[in-house]
Amino acid sequence: MNKTFALFAVAAAGICAMPGAQAKDLTGWFVNAGAGRVNYHATVGQYDLGSDHGTAGILNVGYRTQFIGFEAGYTNLGSLKAGEPGVYRDKLSGDGWTAGINGHFNLTPQWYISARAGLFSWKLHATETVYDNGASQTYKASTQATNGYAGIGTGYDINRHWSVGAAFDYYDISKRSDIGRLEIGNRVFSVNAEYRF
């Protein structure tokens, strides 16, 4: 298991287990959405493919009892583009579905900390277009698997229904390939809003 993911999974479990100075009962359904910057670092076997960044979008729905609940959602990790004009163009994009637990713990009646962890069922899509003497050839490939995600955050409860905040999430993408294990660490820094029914 990836050490970063393990660290945040432990943090999520610890925060969710904190005893009770919860300022309000948040029992009920919720929906939250976030957007922000995703930082990638990729390796395949012994090859370091480097780092880059893109834009991520996150959407979750769930149910919380008091301050601990479950969630399911979709995460779009954006896309990376590279190439040399007239020679080649590459594009890599990733997205996936999540299912896990979450916690929303109030330190004061308004300020909170949050934590989440669970399974991330992801898919990567790769496209390469090669140009040669005015002609082009496009190659496409994709791969998928299920790993994990975890995150922590903080924010402000505007009222019983609305809150805004910021979060750091880690999405683990890893799978064995013919040339070694594919590892892509996706670190997402986002701002978010939540509505509680």
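A charge is said to sit over a ring if NZ of Lys or CZ of Arg is within 6 Å of the ring centre and within 35 degrees of the ring normal. The views below show a predicted model.

**View 1. Arg64 sits over the ring of Phe30.** The distance from Arg64 to the ring centre of Phe30 is 4.1 Å. Arg64 also takes part in a salt bridge with the side chain of Glu194, at 3.1 Å from N to O. Arg64 has a relative accessibility of 3% and so counts as buried. Glu194, at 5% relative accessibility, counts as buried. A network of salt bridges links Arg64, Asp157, Glu194 and Arg196.

**View 2. Eight strands close into a barrel.** The order around the barrel is S1-S2-S3-S4-S5-S6-S7-S8, and the pairing is antiparallel. On average, and with direction ignored, neighbouring strands are turned by 20 degrees against each other. Strands S1 and S8 pair over 15 bridges in the antiparallel sense, and His41 stands opposite Gly185 in S8. S7 and S8 are antiparallel partners over 16 bridges; in S8, Leu182 is the bridge partner of Lys175. Strand S6 (residues 135-157) pairs with strand S7 (residues 162-177) over nine bridges, again in the antiparallel sense. Opposite Asp157 stands Ser163 in S7.

**View 3. Arg116 forms salt bridges with Glu71 and Asp169.** The side chains of Arg116 and Glu71 meet at 2.9 Å, N to O. Since Arg116 lies in strand S5 and Glu71 in strand S3, the pair ties together parts that are 45 residues apart in sequence. Arg116 and Glu71 are both buried. In the salt bridge between Arg116 and Asp169, the closest N and O atoms are 3.0 Å apart. This pair links strand S5, which holds Arg116, to strand S7, which holds Asp169, across 53 residues. Relative accessibility is 10% for Arg116, so this residue counts as buried. Asp169 counts as buried because its relative accessibility is 3%.

**View 4. Trp29 and Tyr63 form an edge-to-face aromatic pair.** A search of the whole structure finds eleven aromatic pairs. In the pair of Trp29 and Tyr63, the ring centres are 5.1 Å apart and the planes make an angle of 65 degrees. Trp29 is in strand S1 and Tyr63 in strand S2, 34 residues apart. Together with Phe70, Trp29 and Tyr63 form one aromatic cluster.

**View 5. Tyr149 and Tyr171 form a stacked aromatic pair.** Their ring centres lie 5.9 Å apart, with 20 degrees between the planes. Tyr149 is in strand S6 and Tyr171 in strand S7, 22 residues apart. Both Tyr149 and Tyr171 are buried.

**View 6. The largest nonpolar core has 17 residues.** Those with the most contacts inside this core are Leu77, Phe120, Tyr171, Ile173, Ile184 and Val188. Six strands each supply at least two residues: S1 (28-44), S2 (47-65), S3 (68-84), S5 (111-132), S7 and S8 (180-196). S1 gives the most to this core, with four residues.

**View 7. Gln46 is placed in the loop between S1 and S2.** Gln46 has a relative accessible area of 72% and is therefore exposed. The C-alpha atoms of Gln46 and Arg181 are separated by 8.6 Å, although the two residues are 135 residues apart along the chain.

Note on methods: Residues are numbered from 1 along each chain as its sequence is written. This is a predicted model: local features need pLDDT of at least 70, side-chain atom pairs count only at pLDDT 80 or more; totals for chains, interfaces and linings use all residues. Side-chain values use heavy atoms; hydrogens and water are left out. Two strands pair if DSSP finds at least two bridges between them. Axes are lines fitted to C-alpha atoms, for helices over the stretch in contact, and angles run from 0 to 180 degrees between N-to-C directions. A nonpolar core is a set of buried Ala, Val, Leu, Ile, Met, Phe, Trp, Tyr and Cys residues joined through side-chain atoms within 4.5 Å. Buried means under 20% relative accessible area, exposed over 50%, partly exposed in between (1.4 Å probe, protein chains only). Rings of Phe, Tyr and Trp (its six-membered ring) pair if their centres lie within 6.5 Å; planes under 30 degrees apart count as stacked, over 60 as edge-to-face and the rest as tilted. A salt bridge is a side-chain nitrogen of Lys or Arg within 4 Å of a carboxyl oxygen of Asp or Glu.
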